[in-house]
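Open the model in your viewer and keep the sequence panel beside it. Each stop below tells you what to select next.

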Amino acid sequence: MIDQDQISDASTVVVVGIVGSCLACGTMCAVLCCLSRRFFSRGGDLEVEVGHPDPSKDGLSEVQVEPKIVEEDLEAELGHPGAFSDDDSEAEIGRPGLDETGDQVTQNGLRKSMDFWFVPVSEIMRMPVDAPIPRHQTCRDMGLLVKRRIDIDDVLSGNLRVDTAAVSHRWPVPEHFDPQCTKLSKLQEVLPRTPSIKWLWIDWICAPQWHDGGRTDEEEVEFKMILKHILPFIFLGCKVIVLYERIYNQRFWPNVECWIATKMATPHGLVPASDDRLRVLVHGIHSAGGHDKANLAQVLEYWHRATAQEAITILSHDDILVTNAKDKEVNLKVVASLDEQIRCHHSSLHVVQSIRQFVPL
């Protein structure tokens, strides 16, 4: 005779097995769905590698694209199944991958965390306005900067914007971002109005510079990593202080920064930021000074409602100027990739939450 307890135990095993199989299939479907969107929307994945800096561009360097082999991309996305533990990110399915530095990335290609240099607002407020700010290496060696590890979850949740801001601006000359201290003066004027901001990211101060002494091999590696991850970590995560002038919106890099600054991350990708998540603070300089409301309205009119594809179309036009045409071509593909990575990230998170709901770990 079969004991009722044995029947109960057997039933439990069958139910758990069925649930586990369904969830496993759901996980695989989510990943394959994500992969199919990536492959068919772009004809294969692209791996962005940052090349040697072009000093004449607005503080950024030339970017080159190298195609990945599709089979390698699939292996990187699917990986090997692994157990979930308290140390695993809820945004991952299976084991995380590794980037070129050996650090972990999620299965959708987003890096889990990234180290950036920041300058405390208190240091900015103490700087003299009659001498240009020294380059990053000098500020770093003087002990004026702090290196912080930024987690991608703090970026996507909006937590980073609470106390951290990035400055979007146009370089007037290749040698210095602010030779007349106009931008420093404006920052010292407006930062006290937002006392919650404790940290600033400014490219000249927070990324190793080529001008005035070159970069070491280690600084070159660091610079390339910053450029590769600046959009998803800095301009998607921080408040963005736009130092607006009348020719700001003619340049490619300030525009792409400004577009991302008007967005927030959701399960549908990058969408227009809601009023409570809008991170853009616009302050006019030079002849645009004193017209902050009008300047903000213009920025929002251009970029707030623009989708990734619309931004790509607009920024592809010849009247959006860039020193190196390849930079525009490559980084518009980065914009498309980032929007898709955000969707995949949320899809993965939903699957993991479902697994933990039905199968306690």
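**Ground rules**

This is a predicted model: local features need pLDDT of at least 70, side-chain atom pairs count only at pLDDT 80 or more, and totals for chains, interfaces and linings use all residues. Residues are numbered from 1 along each chain as its sequence is written, and side-chain values use heavy atoms, with hydrogens and water left out.

**Stop 1: the whole chain**

Colour by secondary structure. The protein chain has 12 helices and 12 strands; these are DSSP runs numbered from the N terminus, with helices (H or I) of at least four residues and strands (E) of at least two. The accessible area is about 17,500 Å², and 56% of it belongs to carbon and sulfur atoms; the method is Shrake-Rupley with a 1.4 Å probe. Of the 361 residues, 49% are buried. Buried means under 20% relative accessible area, exposed means over 50%, and partly exposed lies in between (1.4 Å probe, protein chains only).

**Stop 2: the rings**

Select Phe116, Phe118 and Phe233. Ring pairs link these three into a cluster. Rings of Phe, Tyr and Trp (its six-membered ring) pair if their centres lie within 6.5 Å; planes under 30 degrees apart count as stacked, over 60 as edge-to-face and the rest as tilted. The structure holds 7 aromatic pairs.

The test is NZ of Lys or CZ of Arg within 6 Å of the ring centre and within 35 degrees of the ring normal. Move to Arg215, which lies over the face of Phe223, at 3.8 Å from the ring centre.

**Stop 3: helix α9**

Select residues 252-261. This is helix α9, and 10 of its 10 residues are buried. Among them are Phe252, Trp253, Trp259 and Ile260.

**Stop 4: cysteines**

Still in α9, pick Cys258. It is buried, at 1% relative accessible area. Then pick Cys181, buried at 2%. How many disulfides does the structure hold? There are 0, counting a pair of cysteine sulfur atoms within 2.5 Å as a disulfide.

**Stop 5: salt bridges**

The structure holds 9 salt bridges, each a side-chain nitrogen of Lys or Arg within 4 Å of a carboxyl oxygen of Asp or Glu.

- Select Arg149 and Asp115. Their closest N and O atoms are 2.8 Å apart. Arg149 is in strand β6 (residues 146-151) and Asp115 in strand β5 (residues 113-120), 34 residues apart. Arg149 is exposed at 56%; Asp115 is partly exposed at 30%.
- Select Arg140 and Glu219. Their N to O distance is 3.0 Å. Arg140 lies in helix α4 (residues 136-141) and Glu219 in helix α8 (residues 217-235), so the bridge ties together parts 79 residues apart in sequence. Arg140 is partly exposed at 24%, whereas Glu219 is buried at 8%.
- Select Glu245 and Arg170. The N to O distance here is 3.2 Å. Glu245 is buried at 5% relative accessibility, and Arg170 is buried at 15%.
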